[in-house]
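Subject: Handover of the model

Dear colleague,

Here is the structure for your files. My notes follow below it.

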Amino acid sequence: MAGMSGRAQLMWDEAVTGYDFGPGHPMDPVRLALTRKLVGAFGLDREVEVVAAKPAGESTLQLVHREDYVDAVKAASADPAGADGSYGLGTMDDPAFAGMHEVSALIAGQSVGAAEAVWRGDAEHAVNFAGGLHHAMPGGASGFCIYNDASLAIARLLELGAERVAYVDVDVHHGDGVQAAFWEDPRVLTISLHEHPRTLFPQTGWPEEVGAGAGEGAAVNVALPAGTGDAGWVRAFHAVVPELLAEFRPQVLVSQHGADTHFEDPLAHLAVSLDAQRAVQLACHELAHEHAGGKWVALGGGGYAVVDVVPRSWTHLVGIAAGKPVAPETVIPEGWRQEAFARTRQLGPQRMTDGRWPVSWAAWEAGYDPGDRLDQAVRATRRAVFPLRGLLP
């Protein structure tokens with residue numbers, strides 16, 4: 001695996017930890033700080049180029065977001081008490097806070113910078129684990145997301161001349177904002193694997209959502225039953241993603257790695273381990289090399305088990321992108337565990353595994369069980385979208 005990676009960039013500016021909705025909110029920025037510390041504890045920051053990109057400016061933000069919405073974010077940022085709720089600002093999910101526009105634009109800038117570096121060949125892979133804020137809509141905040149950095153990175157790639165960009169989202173929540181941004185655009189293939197909309201926010205991402213107009217067949221949704229574990233989750237990924245990427249032939253792969261599929265996550269109902277998350281990160285890396293010339297932009301996303309899961313999951317992601325994957329059995333440095341306890345009063349994990357490596361799963365090609373709920377979900381997706389792409393369902 002190490003031989004597959006060239007130069008990698010880690011997009012990081014300490015100021016991204018200012019993306020803080022306040023005490024008690026699940027999106028605790030300590031998860032970013034602890035991830036960065038764990039990356040450093042393993043020396044992975046010496047294996048990548050650590051880059052702080054500039055914040056996304058007005059013209060970049062407007063590649064996806066409406067001008068009136070950006071103005072509303074700026075106004076709420078200057079006067080949080082006066083936030084305009086009609087834009088989804090000042091809500092329980094997205095409380096307004098001072099400096100909100102600046103830090104949201106900074107996170108977006110890291111993802112845009114990652115896309116630029118990969119497109120221009122300054123880096124083969126680039127990671128922004130502070131990004132992946134996939135719910136923000138062109139005209140509104142949603143689901144802890146103010147600016148949609150994933151959509152902005154993709155829009156910037158198109159602006160730079162990319163003709164085919166694939167977006168693969170394995171967050172537990174549907175990547176609704178990215179799907180919405182490119183709903184009618186055949187240049188962008190959006191694939192989202194998520195918990196079924198019947199049981200989880202944002203209640204979208206049904207298999208029948210396939211895009212419209214010229215973009216029909218360019219939106220793909222795998223709605224997984226609550227309770228899906230490692231074998232089913234990895235099986236579903238491999239039953240859908242590789243075949244679609246082979247047909248689409250993307251020039252860049254953008255992937256979103258929300259860690260909230262984990263069985264410890266407090267906001268969702270999948271039962272996926274850290275080891276399965278690592279398996280899918282490895283798969284995305286391989287697929288980028290197989291189908292996108294190695295051009296890979298990897299983003300973070302959700303994840304609310306802020307000590308036990310998120311830092312380990314995204315440290316694995318950085319290691320994979322750097323060509324120095326961290327072995328699952330690796331012991332976590334005691335200094336990091338002490339810092340995690342000092343910051344959160346939570347005991348940190350001991351090793352970089354949940355004890356489920358290697359993850360075993362059954363390939364789709366070997367056959368499916370029509371009575372199995374996971375297989376029913378995969379079949380619904382394949383039936384809805386594969387024929388639109390000239391593939392057998």
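Which residues of strand 8 point one way and which the other way? Trp296 and Ala298 take one side, Val297 and Leu299 take the other, and all are buried. Buried here means under 20% relative accessible area, with exposed over 50% and partly exposed in between (1.4 Å probe, protein chains only). Helices (H or I, at least four residues) and strands (E, at least two) are DSSP runs, numbered from the N terminus.

Before the rest, the ground rules. This is a predicted model, with residues numbered from 1 along each chain as its sequence is written. Local features need pLDDT of at least 70 and side-chain atom pairs count only at pLDDT 80 or more, while totals for chains, interfaces and linings use all residues; side-chain values use heavy atoms, with hydrogens and water left out.

Confidence

The predictor's confidence in each residue is pLDDT, which runs from 0 to 100. For the protein chain the mean pLDDT is 97, and 98% of the residues reach 70 or more. Residues 1–5 have a pLDDT below 50, and this stretch has 18 contacts in the model beyond near neighbours in sequence. A contact means heavy atoms within 4.5 Å.

Eight strands make up an open sheet with parallel pairing, in the order 2-1-3-8-7-4-5-6. Strand 2 (49–51) and strand 6 (219–224) are the edge strands, each pairing on one side only. From one strand to the next the twist averages 15 degrees. Two strands pair if DSSP finds at least two bridges between them.

Going through part of that order, strand 1 (residues 8–11) and strand 3 (residues 125–128) run parallel and are joined by three bridges. In this pair, alanine 8 is opposite histidine 125 of strand 3. Strand 3 is in turn joined to strand 8 by four bridges, also parallel, and alanine 126 has valine 297 of strand 8 as its bridge partner. Another four bridges join strand 8 to strand 7, again parallel. There, leucine 253 is partnered with tryptophan 296, and glutamine 256 stands opposite leucine 299. Strand 7 and strand 4 (residues 165–169) pair in the parallel sense over five bridges, with valine 254 as the bridge partner of tyrosine 167.

Strand 7 is mostly covered, with five of its five residues buried. Val252, Val254 and Gln256 point one way from the strand, and Leu253 and Ser255 the other way.

Helix 8 (residues 274–291) packs on the sheet, where it touches strand 3, strand 7 (252–256) and strand 8 (296–299). The direction of helix 8 makes about 160 degrees with that of strand 8. Axes are lines fitted to C-alpha atoms, for helices over the stretch in contact, and angles run from 0 to 180 degrees between N-to-C directions.

Helix 9

Helix 9 (residues 310–321) has 12 residues and spans 17 Å from its first C-alpha to its last, close to the 16 Å expected at 1.5 Å a residue. The expected span is 1.5 Å times one less than the number of residues. Helix 9 is mostly covered, with 12 of its 12 residues buried; among them are Arg312, Ser313 and His316. The buried residues pack against strand 1, helix 1 (30–41), strand 3, helix 8, strand 8 and helix 10 (334–344). Just after helix 9, glycine 323 has a positive phi of about 80 degrees.

Valine 310 belongs to this helix and is buried, with a relative accessible area of 0%. Valine 310 and alanine 259 are 51 residues apart in sequence but 5.9 Å apart in space, C-alpha to C-alpha. Not counting residues up to four places away in sequence, valine 310 touches Arg31, Thr35, Ala259, Gly303, Tyr304 and Ala305.

Histidine 257 lies in the loop between strand 7 and helix 8. It counts as buried because its relative accessibility is 3%. Beyond residues up to four places away in sequence, histidine 257 has contacts that include Gln281, Cys284, Trp296, Trp314 and Leu317.

The largest nonpolar core has 127 residues, and those with the most contacts inside it are Leu89, Ile146, Ile191 and Phe237. Such a core is a set of buried Ala, Val, Leu, Ile, Met, Phe, Trp, Tyr and Cys residues joined through side-chain atoms within 4.5 Å. With residues up to four places away in sequence left out, isoleucine 191 touches residues including Tyr167, Val168, Asp169 and Val220.

Regards
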